[in-house]
Amino acid sequence: MVIKIIKYAGTNGAAFIVDFAVLLALDYYTDFSRVYTSFFCYLLGTCVSFVLAKNFVFGRGWLAKKPFIEFLAYFLGGVIGAVITAVAFYLLAAIEVNNILIQKIIAGIFSFTTVFIYRNYLVFKDD
């Protein structure tokens, strides 16, 4: 399990780079709320994460023969993580923690843990 968590952290690290780079760009170049952009960027990172996690972390689970359903279930985990991230950004801004990196790291701790548990034990569970 520890090896799987490390691999998952690595693949999500790559997804985080994409997520955070787009988040920074949107924050810098637009006036969109960070709550909304953090939600969108998390879902973008979810797509990157799916490709990497499917190939390097998780084995064939019970949905392996239904790839579209498997992707939707994985993506639902991304939606869960995006909601957690957006709520964390909102709550942190409410207590005047406005540094985007600190917001993203704190949100990431909660979303990473929740989404890993969901994906490991539900999406990619063994037959």
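This is a predicted model: local features need pLDDT of at least 70, side-chain atom pairs count only at pLDDT 80 or more; totals for chains, interfaces and linings use all residues.
A salt bridge is a side-chain nitrogen of Lys or Arg within 4 Å of a carboxyl oxygen of Asp or Glu.

**Exercise 1. Find the salt bridges of the structure and state which elements they join.**

Step 1. A search of the whole structure gives three salt bridges.

Step 2. Take K104 and D19. Their closest N and O atoms are 2.8 Å apart, which is within the 4 Å cut-off. K104 belongs to helix α4 and D19 to helix α1, so this pair ties together parts that are 85 residues apart in sequence. Both K104 and D19 are buried.

Step 3. Take D27 and R34. The closest N and O atoms of this salt bridge are 2.9 Å apart. D27 has a relative accessible area of 25% and is therefore partly exposed. R34, at 23% relative accessibility, also counts as partly exposed.

Step 4. Take K54 and E70. Their side chains meet in a salt bridge at 2.9 Å, N to O. K54 is in helix α2 and E70 in helix α3, so the pair ties together parts that are 16 residues apart in sequence.

**Exercise 2. Classify K54 and E70 as buried, partly exposed or exposed.**

Step 1. The cut-offs are under 20% relative accessible area for buried and over 50% for exposed, with partly exposed in between.

Step 2. K54 has a relative accessible area of 29%, so K54 is partly exposed.

Step 3. E70 has a relative accessible area of 1%, so E70 is buried.

**Exercise 3. Describe helix α2: its span, its bend, its start and its packing.**

Step 1. Helix α2 covers residues 34-56, which is 23 residues. From first C-alpha to last it reaches 31 Å, close to the 33 Å expected at 1.5 Å a residue.

Step 2. At S49, α2 bends by about 25 degrees. S49 is also one of the buried residues of this helix.

Step 3. At the start of α2, a side-chain oxygen of S33 comes to within 3.2 Å of the backbone nitrogen of V35.

Step 4. The buried residues of α2 include T37, C41, G45 and A53. The partners against which the buried residues of α2 pack are α1 (2-29), α3 (67-94) and α4 (100-123).

**Exercise 4. Where does α4 bend, and what is found at its start?**

Step 1. The bend in α4 is at G108 and is about 25 degrees.

Step 2. At the start of α4, a side-chain oxygen of N99 reaches to within 2.9 Å of the backbone nitrogen of L101.

Step 3. Buried residues of α4 include I100, Q103, K104, R119 and V123. Elements covering the buried residues of α4 include α1, α2 and α3.

**Exercise 5. Which residues of the largest nonpolar core touch the most other members?**

Step 1. This core has 16 residues, and Y8, F58, Y74 and V123 touch the most other members. The elements that give two or more residues to the core are α2, α3 and α4.

Step 2. Consider V123. Setting aside neighbours within four places in sequence, V123 is in contact with W62, L63, E70, A73, Y74 and Y118.

Step 3. A separate core of seven residues includes F20, L23, F89 and A107.

**Exercise 6. Is T11 buried or exposed, and which residues does T11 touch?**

Step 1. T11 is in helix α1. Its relative accessibility is 7%, so T11 counts as buried.

Step 2. Not counting residues up to four places away in sequence, T11 touches L52, A53, F56 and V57. Among these, A53 is a buried residue of α2.

Step 3. From T11 to R34 the separation is 23 residues in sequence and 24 Å in space, C-alpha to C-alpha.

Notes
Residues are numbered from 1 along each chain as its sequence is written. Side-chain values use heavy atoms; hydrogens and water are left out. Helices (H or I, at least four residues) and strands (E, at least two) are DSSP runs, numbered from the N terminus. The expected span of a helix is 1.5 Å times one less than its number of residues. The bend at a residue is the angle between axes fitted to the seven residues ending there and the seven starting there. Buried means under 20% relative accessible area, exposed over 50%, partly exposed in between (1.4 Å probe, protein chains only). Contact means heavy atoms within 4.5 Å. A polar contact is a pair of N or O atoms within 3.5 Å; within protein, one must be able to donate a hydrogen and the other to accept it, and residues adjacent in sequence count only if both atoms are side-chain atoms. A nonpolar core is a set of buried Ala, Val, Leu, Ile, Met, Phe, Trp, Tyr and Cys residues joined through side-chain atoms within 4.5 Å.
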